[in-house]
Amino acid sequence: MALDTGSEALARLAGERVDHRFKGLPPDAWGLTVGELAAQRRNLFTDGFTTPVLALSAERLEHNLRLMETYAARHGLAFAPHGKTSMAPQLFHRQLDHGAWGIALAVPHQVWVARAFGVRRIFLANELVDAASLGRLAAELAADPEFRFVCYVDSVRGVELMDAALAGTARPVDVVVELGAGEGARTGARTEAECAAVADAVAAAPALRLAGVAGYEGEVPDAGPERVRAWLRRLVALAAAFDADGRFAGTGLDEIVLSAGGSAWFDAVADVFAEVPALSLPVLKLLRSGAYVSHDEGHYHEVTPFNRVPGEGALEPAFRLWTQVVSRPAPDQAFANAGKRDAAYDLHLPSARVVRRGGAERPADGITVTGLSDQHAWLRTEPGTELEVGDWLGLGLSHPCTSFDKWQLVPVAEADGTVVDYVRTFF
């Protein structure tokens with residue numbers, strides 16, 4: 001396909017019309033373009049936005065982008081943030097502008113989204129074996145000499161399927177052998193011997209080129225600092241062993257790819273990758289954390305490495321789901337109009353953070369979200385809690401990946417509620 005520059009494709013997003021597809025936006029904005037609505041700089045609380053509405057904090061979003069840029073640079077890491085978190089090309093480009101090497105993704109659809117918005121370096125943290133997607137990938141590589149693509153392989157069978165589908169391709173596809181995180185973990189070859197067998201198969205496949213090794217430490221069973229570091233050292237040792245065996249020699253590689261790093265253990269990745277010995281080629285130490293961009297007030301608030309290394313800084317939760325109290329049937333119970341269709345709930349329920357009434361905002365003390373229906377949040381209120389029908393309730397969310405995917409267009413608001421941008425998602 002013809003590849004637009006990122007700026008051209010992003011500009012077309014601003015030309016989309018506001019209509020029934022987009023939740024929470026002011027009804028009187030229908031017919032405006034997204035760019036025209038953004039230029040009006042409406043206030044999230046006073047200018048017609050309807051509940052429920054998910055918003056991103058402009059200030060916290062920028063803070064998180066800068067923090068991870070600084071962290072990666074400080075530790076000598078290249079950064080390919082996982083785009084599956086947001087599936088928002090506008091955020092992809094902000095991440096690239098903040099020093100990211102490229103974008104990590106998980107499935108072919110996500111690759112095509114990134115390509116449609118001009119992303120030229122993609123790390124697919126998965127094995128790609130269907131012939132139709134491989135054919136399209138070959139066409140993308142042939143059409144754009146600047147396109148760099150790397151993906152996992154973890155089986156001889158997968159290598160055979162890839163090579164057959166890519167037969168005759170002008171450019172070989174770069175692959176990294178995935179080392180599994182242990183018995184009972186997710187994907188990846190379980191032993192170093194199995195990894196070597198996969199690498200042998202790659203060497204015999206004309207359509208593929210061995211570029212390095214990779215894996216995901218978040219799947220280490222009973223993960224803890226020592227177990228995670230032990231597995232990461234296995235990954236580093238595998239790269240060194242492949243290099244000592246001459247597996248990267250004569251391939252035309254400029255660098256050896258070594259990649260790991262979700263959002264819970266990137267401090268361990270930084271520590272262990274700092275121990276990588278000198279190899280025959282420079283090593284691209286590629287971190288793939290993605291949840292940082294919005295962070296959260298649940299799971300990732302609990303597991304972020306910045307809790308262990310506070311001197312490195314702290315991420316800030318950028319999401320706020322605004323919902324409205326629609327029923328107060330008992331002194332200890334209330335219901336708001338946001339539910340499973342609006343809020344992430346796979347890791348933790350949302351948490352009540354603030355109440356707004358008449359322009360005043362106060363902490364949501366005494367209010368607990370106890371459950372979600374499709375379109376209602378169940379609220380328990382302690383004795384004496386002041387909460388009325390019509391109040392706006394700001395909820396904190398857990399798990400960014402299942403928060404973004406419920407919203408196609410997300411307002412980005414400054415601290416005073418001024419909406420300065422709208423982020424489009426493609427799930």
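Reader: Hi! Quick one to start: is aspartate 374 buried, partly exposed or exposed?

Author: Hello! Aspartate 374 is partly exposed, with a relative accessible area of 40%. Keep in mind that this is a predicted model.

Reader: Thanks. Which side chain does aspartate 374 meet in a salt bridge?

Author: That would be arginine 341, at 3.3 Å from N to O.

Reader: How many salt bridges does the structure hold?

Author: There are 31 salt bridges. Some share partners: Arg115, Arg120, Arg136, Glu140, Asp144 and Glu146 are joined that way into one network.

Reader: What about lysine 23, which residue is in a salt bridge with its side chain?

Author: Aspartate 342, with 3.0 Å from N to O. The two are 319 residues apart: lysine 23 is in the loop between helix H1 (6-14) and helix H2 (34-40), while aspartate 342 is in the loop between strand E11 (333-336) and strand E12 (351-357).

Reader: And is aspartate 342 buried or exposed?

Author: Aspartate 342 counts as buried, at 3% relative accessibility. Lysine 23 is partly exposed, at 30%.

Reader: Nice. Switching to the sheet: how many strands form it, and in what order?

Author: Eight strands form an open sheet with parallel pairing, and the order is E2-E9-E8-E7-E6-E5-E4-E3. Strand E2 (78-79) and strand E3 (103-105) are the edge strands, each pairing on one side only.

Reader: Over how many bridges do E7 and E8 pair?

Author: Three bridges, in the parallel sense, between strand E7 (residues 208-214) and strand E8 (residues 256-260). Alanine 214 has serine 259 in E8 as its bridge partner.

Reader: Which residue forms a salt bridge with arginine 209?

Author: Aspartate 174 does, with the closest N and O atoms 2.7 Å apart. Arginine 209 belongs to strand E7 and aspartate 174 to strand E6 (residues 173-178), 35 residues apart. Aspartate 174 is buried, with a relative accessible area of 5%.

Reader: Last topic, cysteines. How many disulfides does the structure hold?

Author: Zero disulfides. For cysteine 151, the nearest cysteine sulfur is that of cysteine 195, 15 Å away.

Note on methods: Residues numbered from 1 in each chain as written. Predicted model: local features only at pLDDT ≥ 70, side-chain atom pairs only at ≥ 80, totals over all residues. Heavy atoms only, no water. Disulfide = S-S within 2.5 Å. Pairing = 2+ DSSP bridges. Helix = DSSP H or I, 4+ residues; strand = E, 2+ residues; numbered from the N terminus. Salt bridge = Lys/Arg side-chain N within 4 Å of Asp/Glu carboxyl O. Buried < 20%, exposed > 50% of the residue type's maximum accessible area, 1.4 Å probe, protein only.
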